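I opened this notebook to record what I looked up in the structure, one topic per entry.

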Amino acid sequence: MSTILKVLVIGLQAGAVYSLVALGLALVYKATRTLNFAQGELGTIPAFAGYLVMTGFRTSGEPVADKGRFWIATIVAIAVGALLGVLINTLVIRWLAAASPVTSLVATAAVMLLSTSLAVIVFDPKIRRFPQYVGGGFTFPGTDVIVSWQTIVTLIVLAGAAALLALLFRTPPGVALLATAQEPFAAELQGVSVSAMRTMAWAIAGVLGALGGLLGAGVFASIAPGFMTSTFLIPALVGAVLGGLTSMVGAVSGGLMLGVIVSAANQINRSFELGIPGTPQVAAFVVLLLVLLLRPRGLFGQEA
Amino acid sequence: MATETAVDAVVEEEERAAEELARKTLEAADWRPSTRGVVARVAVLGFVLLLILASPHLVPAVYTNLVSRAAVYGIVALSMNVLVGYAGQVSLGHNAFFGVGAFGSAFALTKMEIPFLAALVVAALTGAVGALVIGAVALRLRGLYLAIVTVAYAFFATETIFNIRSLTGGGAGQPAPRPSFLTSDVRYAYFCIGILGLALLFDWRLTASKGGRAIQALRDDERVAASWGINVTSFKLLAFLISGVLAGVAGALFASTEGVATPLDFPFALGLTFLVMTVVGGAGNRWGVIQGGVLFALLPTLLERSHENFHVFPFTAIDATAEPAIGALLLLVTLIFTPGGIAQQQKHLLAWLSFKRWTDTRESTGMAPGGMGARP
């Protein structure tokens, strides 16, 4: 019983971050039919921006995590995320509108490579401490499983982001965004500015990415160049496919589910002493193959 | 009446344009370089060939292995080209096929103690098996979804397959010794260049064969290809098989260059580099992708040497760590401005070197019309 609970808690902690990244992936995919491989970097770079705010703009200082400074860092990180999202769209994706989706995927992979490499040049490939929003945790009643407050915060942020996105799609700009996603030409005829809608989608994806970066950094209480891409991007991608690439509900549930699946796979590998290296990658690969071969549109997706 | 005349005029104009095009095409087909032209072309080609053949002796002794590496990357580029350029299937996880070949060869050399050339065959087989796994998936999925699967496969391979201790030696790696007749670096470099030559020959005969044309037809349109009686399943698997064999052999050569294969030699970033060099070189054109491969094999060392020797602005700021950033920038510039890559920029030169007119670019770059089909 307590093992199952532990698996769930660990799974939800990582899964909530997967879901935040997956939400950004799904939103951009819905609006621009681009699978954004740089979504992880939309978390890494804002996290580093927040880190710089907390160290007083020194590239290798100890972050000062008093409350005021931390909130400023959060706001700066979110702004940087939004700006970065808009920049990627304006400088790269817009020019490839006529190309195939795979071409724009390769382009975002290039953005990811560029961003990771620049981060390594500026910050060196070393691990830095990064504060959590709330330290510590509490023991789940009746068991010895410790739930960290960080997990609760991440889940609350995820729920908030998902609720706001759900609300957005009921407002005029949200409907315009949906129209752009479904049929850009017809939307343009109805007076919707397709390019503005796409910019908005990328900005929101940047904000979601920044939130994911700040909370993902909290999982290990540390950051390193490219950490969001290497740790969270692939599970988030698989989670998004599992939930259905165009569905927001799917992104949230897919990310959480994958978190639990990975955590369960780790636990099984440990308790039965199977000694399989890289269990999370095996689990993600198997889930991806099963979903794509059995139900390519995912659990909540409307189309293949 | 007036509209009819206008229509007639348009039709006439179109007919004239078509005639003009046909005339030009015929003329171009008949065109042969003059004797002086032939001599000039042979001289340039001979010089380039000589330079390549002399390169193991020309470079300083510490860099002889770099020549081997450039040849290996050239083979990988040809392997990528079969998938990305000819078959139109994207692969972001080519480091997996490459690594499977490397560990296959290392295992055969160390654990089974079979001769080097037999180990190359083992590498080709394991590389083919590694690629056919993805090929089987590609029968069901295409485009974006296939791309995602190749990425997940690359991570699965680097984290799991390459860390199975009994097969790959775990973190310490598996030794891949060279045979006695190739222990000298110079000889090994010649061996790698020779294999690259064979791969090139194979690639050339492939594109000239029915099978090669069938694979290229899949890239342009699978349904149309099927309607022409091309067996989509077989030829798609054939493309993955060929790509896997080439990548596996390249992996084996790569492992024996350093004498050991470790899991860290084949990270996901390497797979991205392979894709970058293929696209930057010009997917679909064998001369372009080989240049892309050689460029990216040498780039880290070039950057490091420039950083040490030139004390002017761009070189003081960047060293070998900037290689992925430069690769990424080159890729973005290529995708947005010149989808045909290096091959597109050199189209006149390549036409001239293939004994055509300087301005005649038909087929010489091997690109689909418009160059879009060759995009990844």
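**Conventions.** I note that this is a predicted model, in which local features need pLDDT of at least 70 and side-chain atom pairs count only at pLDDT 80 or more, while totals for chains, interfaces and linings use all residues. Residues are numbered from 1 along each chain as its sequence is written, chains are lettered from A and ligands numbered from 1 in the order in which they are written, and side-chain values use heavy atoms, without hydrogens and water.

**Nonpolar cores.** I looked up the cores, each a set of buried Ala, Val, Leu, Ile, Met, Phe, Trp, Tyr and Cys residues joined through side-chain atoms within 4.5 Å. Buried means under 20% relative accessible area, exposed over 50%, and partly exposed in between (1.4 Å probe, protein chains only). The largest core has 192 residues, and Leu23(A), Phe98(B), Val149(B), Leu253(B) and Phe266(B) have the most contacts inside it. Helix α3 (residues 64-87) of chain B gives the largest share of this core, 15 residues. A second, separate core of 5 residues includes Ala214(B), Ala225(B), Ile230(B) and Val232(B).

I then listed contacts (heavy atoms within 4.5 Å) for Phe98(B). Beyond its neighbours within four places in sequence, its partners include Val72(B), Val76(B), Phe254(B), Phe266(B) and Phe274(B).

**Helix α6(B).** Helices are DSSP runs (H or I, at least four residues), numbered from the N terminus. I found that 15 of the 16 residues of α6(B) are buried.

**Surface of chain B.** I located a nonpolar surface patch of about 540 Å², made by Val44(B), Phe47(B), Val48(B), Leu51(B), Ile52(B) and Leu58(B). Val48(B) sits in helix α2 (residues 35-58) of chain B and counts as partly exposed because its relative accessibility is 39%. Patch residues have over 30% relative accessible area and no salt bridge; like charges are joined within 9 Å, nonpolar side chains (Val, Leu, Ile, Met, Phe, Trp, Tyr) within 5 Å.

**Positive phi.** Arg33(A), which is not a glycine, has a positive phi of about 55°. I placed Arg33(A) in the loop between α1 (2-32) and α2 (41-55) of chain A.

**Gly174(A).** This residue lies in helix α6 (residues 172-182) of chain A. I recorded Gly174(A) as buried, because its relative accessible area is 0%.

Conventions
Accessible areas come from the Shrake-Rupley method with a 1.4 Å probe; for residues, only the protein chains shown count as cover. A salt bridge is a side-chain nitrogen of Lys or Arg within 4 Å of a carboxyl oxygen of Asp or Glu. Helices (H or I, at least four residues) and strands (E, at least two) are DSSP runs, numbered from the N terminus.
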